[in-house]
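Here is a friendly briefing to read alongside your viewer. Please have the sequence and the model open, and we will go through them topic by topic.

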Amino acid sequence: MIAGFVYTLTKSATFEAAHRLPAHDGKCARLHGHSWRILVEVGADALHAEGPKAGMAADFGDVGRPLKALVEESLDHWHLNESTGLDNPTSEAIAEWAYHRLADAYERLDVTLVAVTVEETCTSRARYEP
């Protein structure tokens with residue numbers, strides 16, 4: 001059981017974006033880009049008993065909509081220092097930023113946003129779980 005929920009669902013999206021880490025002591029201080037992946041994990045304690053979502057904690061399509069909107073509006077093909085308003089958009093900072101922008105949308109779906117994970121490369125990821 002993760003974060004006290006009986007059911008957890010994960011939805012992911014990918015995006016291409018640039019950023020720079022101004023105070024970094026290496027090459028990441030320069031403007032550069034990544035093929036990013038972002039994952040949201042939501043939790044619920046019960047399944048829908050009836051109707052079109054019977055047997056589901058949430059519909060994956062519903063879970064994906066807020067994430068897709070955030071990616072399109074603020075992440076994909078953006079300069080993340082500008083689009084997020086973060087001075088130092090590390091993977092950790094982007095995960096926290098995204099969490100706070102998505103949490104209310106998932107509450108409206110009757111699930112709880114448990115965590116956001118941001119992968120800036122295929123071997124490097126950061127997870128924000130308050």
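Rings of Phe, Tyr and Trp (for Trp, its six-membered ring) count as a pair if their centres lie within 6.5 Å; planes under 30 degrees apart are called stacked, over 60 edge-to-face, and the rest tilted. By that rule, the structure holds two aromatic pairs. Please keep in mind that this is a predicted model, where local features need pLDDT of at least 70 and side-chain atom pairs count only at pLDDT 80 or more, while totals for chains, interfaces and linings use all residues. Residues are numbered from 1 along each chain as its sequence is written, and side-chain values use heavy atoms, with hydrogens and water left out.

**Aromatic pairs**

- Phenylalanine 15 and tryptophan 36 are stacked, at 5.7 Å centre to centre with 5° between the planes.
- This pair links distant parts of the chain, 21 residues apart, with phenylalanine 15 in strand β1 and tryptophan 36 in strand β2; helices (H or I, at least four residues) and strands (E, at least two) are DSSP runs, numbered from the N terminus.
- Phenylalanine 15 and tryptophan 36 are both buried, where buried means under 20% relative accessible area, exposed over 50%, and partly exposed in between (1.4 Å probe, protein chains only).
- Tyrosine 99 and tyrosine 128 form an edge-to-face pair, 5.4 Å centre to centre and 70° between the planes.
- Tyrosine 99 sits in helix α3 (residues 91–107) and tyrosine 128 in strand β5 (residues 124–128), so this pair ties together parts that are 29 residues apart in sequence.
- Tyrosine 99 and tyrosine 128 are buried.

**Strand β2 and its partners**

- Ten of the 13 residues of strand β2 (residues 32–44) are buried, so the strand is largely enclosed by the rest of the structure.
- Strand β1 (residues 7–19) runs antiparallel to β2, joined to it by 13 bridges; two strands pair if DSSP finds at least two bridges between them.
- Within this pairing, alanine 17 stands opposite histidine 34 in β2.
- Seven bridges connect β2 to strand β4 (residues 112–121), again antiparallel, and valine 42 stands opposite leucine 113 in β4.

- Histidine 19 lies in strand β1 and counts as buried at 1% relative accessibility.
- The side chain of histidine 19 reaches the backbone oxygen of proline 89 at 2.9 Å.
- Leaving aside neighbours within four places in sequence, the contacts of histidine 19 (heavy atoms within 4.5 Å) include Trp36, His79 and Glu120.
- Threonine 84, in the loop between α2 (80–83) and α3, is buried at 8% relative accessibility.
- The side chain of threonine 84 reaches the backbone oxygen of leucine 80 at 2.5 Å.

**Salt bridges**

- A search of the whole structure finds seven salt bridges, each defined as a side-chain nitrogen of Lys or Arg within 4 Å of a carboxyl oxygen of Asp or Glu.
- One of them joins glutamate 119 to arginine 37, with the closest N and O atoms 3.7 Å apart.
- Glutamate 119 is in strand β4 and arginine 37 in strand β2, 82 residues apart.
- Glutamate 119 counts as buried at 10% relative accessibility, whereas arginine 37 is partly exposed at 33%.
- Arg37, Glu119 and Arg125 are linked in a network of salt bridges.
- Glutamate 72 and lysine 68 also meet in a salt bridge (3.9 Å, N to O), and both residues are exposed.
- Being four residues apart in helix α1 (residues 60–75), glutamate 72 and lysine 68 are separated by about one helical turn.

Conventions
A polar contact is a pair of N or O atoms within 3.5 Å; within protein, one must be able to donate a hydrogen and the other to accept it, and residues adjacent in sequence count only if both atoms are side-chain atoms.
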